[in-house]
Amino acid sequence: MHQGVTAESASVDRRLARLITNVFAPAQVVGVLLVVVALDSTRTVSAAVGWSFLTVGIAVLIPFAYVLRGVRRRHFTDIHVGQREQRSVPILIGIGSIFVSLALLIILGAPRELVALVAAMTGGLLVTLLVTLAWKISVHAAVASGAVVILALVFGPVLLAMGVLAGLICWARVKLTDHSVPQVVAGAVLGAVVAASVFTLIR
C-alpha cells in the first residue's frame, strides 16, 4: 500500500512538473514580459500593442516556429530541445531574431525600457550559447530569474517575491531530470546577473 501511494505521489509530481515546464517555457515567459514592459513604458495602449507585435512577433514567434518545425521534422527531441548538442542552432536563431527586433526598436524610437529589455535578452542568449557549447545550462531557469529581476527593476523590489515561481520552475526541470541542480542554479544566476546588469546599464 505504501509503495502504491509513493508511486502515485511521484506520478502527480511529474505531471505537475511537466505542466510548469510547459506553461512557463521561455517563449511564453519572454512574450508576456515583453507585453508587460511595453504597456508600462508607453503612453497609449495602441502604441504598446504595436511594440508588442513587433517584439513578440520577431523575437519570440520566429525562434519558436523554427523549433516547432524542427520537432515536426524530428531534428529536435521536443519543443524544449532536451539534447544539449541540438541547442546551438536554435539559440543562434533566437539571437538573430532578437537582434533584428532590437535594431528595429532603436531605429523606430521605441521606449528606453523596452530597448533595455530586448538588449538584456540578447546578452543573456549570447552567454547561454557560450555555456551551451560545453554544458547544458537551464534556459528555463535563466529566463525565469531574469524575468523576475526585470519586473522588480520596473515595478519595484516587492516583485522579487516572484522568485518563488522561478524556484518552482527550477524544481520542475530537476524533477523531470531534464537538468541537474547545478544546471538550474547556474541558469538562474546567469539570468539574474545579465538581466540586472544590461537592463540597468541601458535603461
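## A walk through a helical model

R173 pairs up with D178 in a salt bridge, with their closest N and O atoms 2.9 Å apart. A salt bridge here is a side-chain nitrogen of Lys or Arg within 4 Å of a carboxyl oxygen of Asp or Glu. Before going further, a word on what you're looking at: this is a predicted model, where local features need pLDDT of at least 70, side-chain atom pairs count only at pLDDT 80 or more, and totals for chains, interfaces and linings use all residues. Residues are numbered from 1 along each chain as its sequence is written, and side-chain values use heavy atoms, with hydrogens and water left out.

Back to that pair. R173 is buried, at a relative accessible area of 1%, while D178 counts as partly exposed because its relative accessibility is 21%. The cut-offs behind those words are under 20% relative accessible area for buried, over 50% for exposed, and partly exposed in between, using a 1.4 Å probe and protein chains only.

How many salt bridges are there by this rule? The count comes to four. One of them joins the side chains of D13 and K175, at 4.0 Å from N to O. That pair ties together distant parts of the chain, since D13 sits in helix α1 and K175 in helix α7, 162 residues apart. (Helices are DSSP runs of H or I, at least four residues long, and strands are runs of E, at least two, with numbering from the N terminus.) Both partners are partly exposed: D13 has a relative accessible area of 26%, and K175 comes in at 29%. Another salt bridge brings the side chains of E85 and R84 together, at 3.5 Å from N to O. Here E85 is exposed at 59% relative accessible area, whereas R84 is partly exposed at 23%.

Now for the inside. In soluble globular proteins, nonpolar side chains tend to be buried together. In this model the largest nonpolar core has 37 residues, and those with the most contacts inside it are L34, L105, L114, L117 and I150. The elements that supply two or more residues to this core are α2 (26-41), α3 (45-72), α4 (88-108), α5, α6 (139-155) and α8 (181-202). The biggest giver is α5, with ten residues. A nonpolar core means a set of buried Ala, Val, Leu, Ile, Met, Phe, Trp, Tyr and Cys residues joined through side-chain atoms within 4.5 Å.

What about α5 itself? Of its 21 residues, 16 are buried, so the helix is largely enclosed by the rest of the structure. To see the packing up close, go to L117, which is in contact with L33, L34, V37, I150 and F199, leaving aside neighbours within four places in sequence. Contact means heavy atoms within 4.5 Å.

Not counting residues up to four places away in sequence, V35 touches S52 and V56. V35 and T21 are 14 residues apart in sequence and 21 Å apart in space, C-alpha to C-alpha. Compare L165, in helix α7: L165 and S145 are 20 residues apart in sequence and 9.1 Å apart in space, C-alpha to C-alpha.

On the outside, L16, L19, V23, V164, L168 and W171 make up a nonpolar surface patch, with about 540 Å² of accessible area together. The elements giving two or more residues to the patch are α1 (2-23) and α7 (163-175). Patches are built from residues with over 30% relative accessible area and no salt bridge, with like charges joined within 9 Å and nonpolar side chains (Val, Leu, Ile, Met, Phe, Trp, Tyr) within 5 Å. The areas come from the Shrake-Rupley method with a 1.4 Å probe, and for residues only the protein chains shown count as cover. V23, in helix α1, is partly exposed at 43% relative accessibility.

Finally, two loop residues have a positive phi without being glycine. V81, in the loop between α3 and α4, has a phi near 50° and is buried at 5% relative accessibility. T177, in the loop between α7 and α8, has a phi of about 60° and is exposed at 63%.
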